[in-house]
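Q: Could you walk me through this model? I'd like to learn how to read its features one at a time.

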Amino acid sequence: MPTVLVVVGRVNPADVPRLCDELDNLLYDSGATEVICDVTGLTHPDLTAVEALARLRLTARRAGCRLRLCGARQDLLMLLRLVGLSDVA
């Protein structure tokens, strides 16, 4: 069963470490092999949000999990492709 992390609102630089810590806590002893990051409620997909998703992907990989996005808008997908993170989507 995958672990689900929900990201809502606007992501600020200070939110990035908090989101990674939250994911670490969700994955601790979960046995999950996949993380679904629900970004349906992400209101401002910008480079800070992309940085957060990149760091979340690294956090998931360190725990032996794959990160997938759910509910990503086209503008976020375009930014991810632009910076070479299309495999997250």
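Q: Which pattern does the protein chain follow when read along the sequence?

A: Helices (H or I, at least four residues) and strands (E, at least two) are DSSP runs, numbered from the N terminus. Here the order is β-α-β-α-β-α, made up of three helices and three strands. Keep in mind that this is a predicted model, where local features need pLDDT of at least 70, side-chain atom pairs count only at pLDDT 80 or more, and totals for chains, interfaces and linings use all residues. Residues are numbered from 1 along each chain as its sequence is written, and side-chain values use heavy atoms, with hydrogens and water left out.

Q: What radius of gyration does the protein chain have, and what would a compact globule have?

A: The radius is taken over C-alpha atoms, and the globule rule is 2.2 Å times the number of residues to the power 0.38. For 89 residues that rule gives a value near 12 Å, and the protein chain has 12 Å, so the two agree. Its C-alpha atoms fill a box of roughly 35 × 25 × 20 Å along the principal axes.

Q: How much of the contacts in the protein chain comes from residues 24 or more positions apart?

A: Contact means heavy atoms within 4.5 Å. Of the contacts with a separation of 6 or more, 77% are between residues 24 or more positions apart.

Q: At what angle do helix α1 and α2 pack?

A: Axes are lines fitted to C-alpha atoms, for helices over the stretch in contact, and angles run from 0 to 180 degrees between N-to-C directions. Angles under 35 degrees count as roughly parallel, over 145 as roughly antiparallel, 65 to 115 as roughly perpendicular and the rest as oblique. Helix α1 (residues 15-27) meets α2 at about 30°, with the axes 9 Å apart, so α1 and α2 are roughly parallel. The residues making this contact include Leu19, Cys20 and Leu23 of α1, and Ala52, Leu56 and Thr59 of α2.

Q: How many nonpolar, polar and charged residues does the contact of α1 with α2 have?

A: Ala, Val, Leu, Ile, Met, Phe, Trp, Tyr, Cys and Pro count as nonpolar, Asp, Glu, Lys and Arg as charged, and the others, Gly among them, as polar. This contact has nine nonpolar, two polar and two charged residues.

Q: And how about α2 and α3: at what angle do they pack?

A: Helix α2 (residues 47-62) and helix α3 (residues 74-82) pack at about 65°, their axes 10 Å apart, and are therefore roughly perpendicular. Leu47, Val50 and Leu53 of α2 touch Leu76, Leu79 and Leu80 of α3. By class, that makes six nonpolar, no polar and no charged residues.

Q: Is Thr59 buried or exposed?

A: Buried means under 20% relative accessible area, exposed over 50%, partly exposed in between (1.4 Å probe, protein chains only). Thr59, in helix α2, has 6% relative accessibility and so counts as buried. Leaving aside neighbours within four places in sequence, Thr59 is in contact with Cys20, Leu23 and Asp24. Across the protein chain, buried residues make up 40% of the 89.

Q: Which class does Gln74 fall into, buried or exposed?

A: Gln74 sits in helix α3 and counts as exposed because its relative accessibility is 57%. Its C-alpha atom is 9.6 Å from that of Pro45, 29 residues apart along the chain.
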